[in-house]
Amino acid sequence: MFAFILRRLIQAVGVMLTVALLAFILFQYVGDPVMIMLGQEGTPAEREQLRQSLGLNDPVVVQFYHFLTNAIQGDFGLSLRQGQKVSLLLRERLPATLELSIAAALIALVVGVPLGVYTALKRHGKLSQALLAFSLFGVSLPTFLIGILLILIFSVQLGWLPSYGRGDTVRLGWWSTGLLTASGWHHLILPAVTLSLFQVALVMRLVRSEMLEVLRADYIKFARARGLTKRAIHFGHALKNTLVPVITIMGLQLGGIIAFAIVTETVFQWPGMGLLFIQAVQFADIPVMAAYLCLISLIFVVINLTVDLLYFVVDPRLRVGLGKSGGGH
Amino acid sequence: MRRSLIAVALTAAFLFPVVGSAKTFKWASQGDILTLDPHSQNEGLNIAANLWVYDPLLAYNEKFDVVPSLAVSWEQVNPSLWRFKLRPNVKFHDGSAFTADDVVFSIKRAMAPSSQFKSYVAGISDAKAIDPLTVEISTAGPNPVLLRQLPSLGIMSKAWAEKNNAMLPQDFNKKEESYAARHAMGTGPYMLKTREVDIKTIYAENPNWWGKPTKKGNVTEIIYTPIKQNATRTAALLSGEIDFVLDPPAQDLDRLRKQVKVLDGNENRTIYFAMDVKSPELKYSNIKGKNPMQDVRVREALYRSIDIEAIKKSVMRGMSLPTGAMISPQVHGYSDAMGKRVPYDVEKAKALLKEAGYENNLEFTLDCPNNRYINDEAICQAVVAMWARAGMKVKLNTMPRATFFPKIANGDFSVYLFGWGVPTFDAYYTLESLIRSKGTGAAGAFNYGGYSNPKVDALIDAVKTEVDDAKRTAMIREAFAIHAKEFGTIPLHDQVIPWAMKKNIEITHQPNNRPVVERIIIK
């Protein structure tokens, strides 16, 4: 068990290092931050001086080494654009992204699961066919298009919901939340729906196919034979067994939601980490980009690691396999 | 008695409806204000926003004449010494008194090594407080542009900076955040209320502002929100969530014109082509062993084969002001004569090329940014087609600004598209950087093409120190005239930058793209 965890951790660190290195190499081609910082009216001498003071003249390897040693201590340096600590900037933006992502994940579950069950039970119903067709849109329409369509309808035409921003927020320590104000909820609706649409479609299709699978299983037939009510069979037995893979997938998807919130955040000017990243790219703000990518890969790694460990706890077969082969699977 | 009081109050309320009514001005543009430190980022929006909080010594009026702000009068004691009398009884937002020490401190702060505001204190060698309301600024040699540098330089409180350890502008060496980057305290018309980076920044009116009695506008609160996505920004304006958009997207202008209001004006920025006239052999060309761009006939042919009205109509959708000058009309030194373009004439261009020996056989590459100026890439595409009509085969090479500028700065080009703005609103800025031969400091710093004419250089150097305005203007115009006659560069147009707003907003368009909120009227 310990060896398993240790090996997983080492792999995780390896992934993180690779991401950091790749990110760092990529950033060499983003452009010249100094040119943007000083504007085109800056003199060559000023540029050289700033470049020197930012350490941009060092070889890439040296820059990467400095970056790594500092990053391990949680210090990602100063944002070139804002002159503020990157760790602080990310901490400020984290709540917005997390609230949005979790809201989207909840919508995906609350809407997706019942729809999935419905379409599985009423396989040939007209509504089911319509829902499945709709889910195709959900999967295939790009997020920014959905966002802009929603803004067009609900903000510009109907005037019901705000088109941008997070509304009023309340600070709880360093965490700023929009969930305690009416305006915060108001502002959350459109971006959360936009971000969740793909997930709703995914969950619905997943639940549907799992349900169809489970409904064919022997124990369901036995349950029917025993004369249990339809409700007890569908929700007590079938759905329960469907949910294990659904929750796993949703857990893994959460990392994806957080990462892909970039697009939604840009469309709705949602002040999360994704927006910070996009602005950093335009400015060639290397410290922010590097820190963001490291953080996102950390989130992915942690979620995957947790899921792995949970599997280890839940699934006895893994433990047995481990005992026999002396580890690894 | 009481009734008459009420009547008076009612009349007063009727006559001065502005008094006491809160007018919030909500606006947006693509990016956020970068820093609240007034000497830290030389960028248009940033300077505009910081000038609401920090008054400068001198300001521009709507015609871009220099007018008093924190300084009420000034005189030139000798060619390199200016004396400024300061406005008495001015208070900072925290109630402390404004004195000459604050002015001296601010100027020196902007001169610090970590400052990115050095171009606004260029030529200043020292600043001294003579008494609490008198400041003397000495310059290294005569500097006729000094008065036009100061309107961008906000004055900070020395005591406040000392207290908060913000004596120097943001320094990236120090690895720590500067207090002044997120806090602001000046003497200006608006006071910083809250600052949430990239979310919103709120300013409240300063009730004790010295200029309040003569203030034109009625805005009592400013809420600035950056909205990055073009469509969202337009939507926010159309749905009435914001009052004003500084940079409405080009594709939405027709709709915005119909549903809200769009104000057009030229930007103080001239778009032009520059040619490599320095290299003995043109780098990206089929012609070997010589540089055709050194032949003035070739440059004239390039100029004459550009149909600028077609570019205005189909590329810029009418949003450009074609010009023959390298500066825009608001810049000191401009004349209508220099704005007149050499006529478009393809036949003449062909004849010139034939005469120079390049009939249908000249090939070269045009470098062009694709995200810096309005429709930059499309302009280049159109011009390449026009040059083809005159018998030249031009390869277009477009790239994002972050790679374009270093490439051009390295001299790695044959012909390129560029844009140049003049923050001082004085022609010397353009002459020195773009037209003068390479020298020390800013001289020729952006003259990448290498145009050089000793006579023009002499004129430019004389302009630098000449304090007699009439003589100086004459020399500016002569230098531009020689340069234009030799087709040193090919000016195209001044960009038009539309501002979009609700119908009840009254604002004056500013060619430096900086909205002056204390002049905005919300009806």
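Guide: Tyr203(B) stands opposite Ile222(B) in E10(B), a spot in the pairing of strand E9 (residues 200-205) of chain B with E10(B), which run antiparallel and are joined by four bridges. Strands pair here if DSSP finds at least two bridges between them, and strands are DSSP runs of at least two residues, helices (H or I) of at least four, numbered from the N terminus. This is a predicted model, where local features need pLDDT of at least 70, side-chain atom pairs count only at pLDDT 80 or more, and totals for chains, interfaces and linings use all residues. Residues are numbered from 1 along each chain as its sequence is written, with chains lettered from A and ligands numbered from 1 in the order in which they are written.

E10(B) (residues 221-226) also runs parallel to strand E1 (residues 24-29) of chain B, with six bridges joining the two. Over there, Ser29(B) stands opposite Pro226(B).

Now for the helices. The axes of H8 (residues 296-304) and H11 (residues 346-356) of chain B come within 8 Å and cross at roughly 160°; axes are lines fitted to C-alpha atoms over the stretch in contact, with angles from 0 to 180 degrees between N-to-C directions. H8(B) and H11(B) are therefore roughly antiparallel, the word for angles over 145 degrees.

Technical notes:
Angles under 35 degrees count as roughly parallel, over 145 as roughly antiparallel, 65 to 115 as roughly perpendicular and the rest as oblique.
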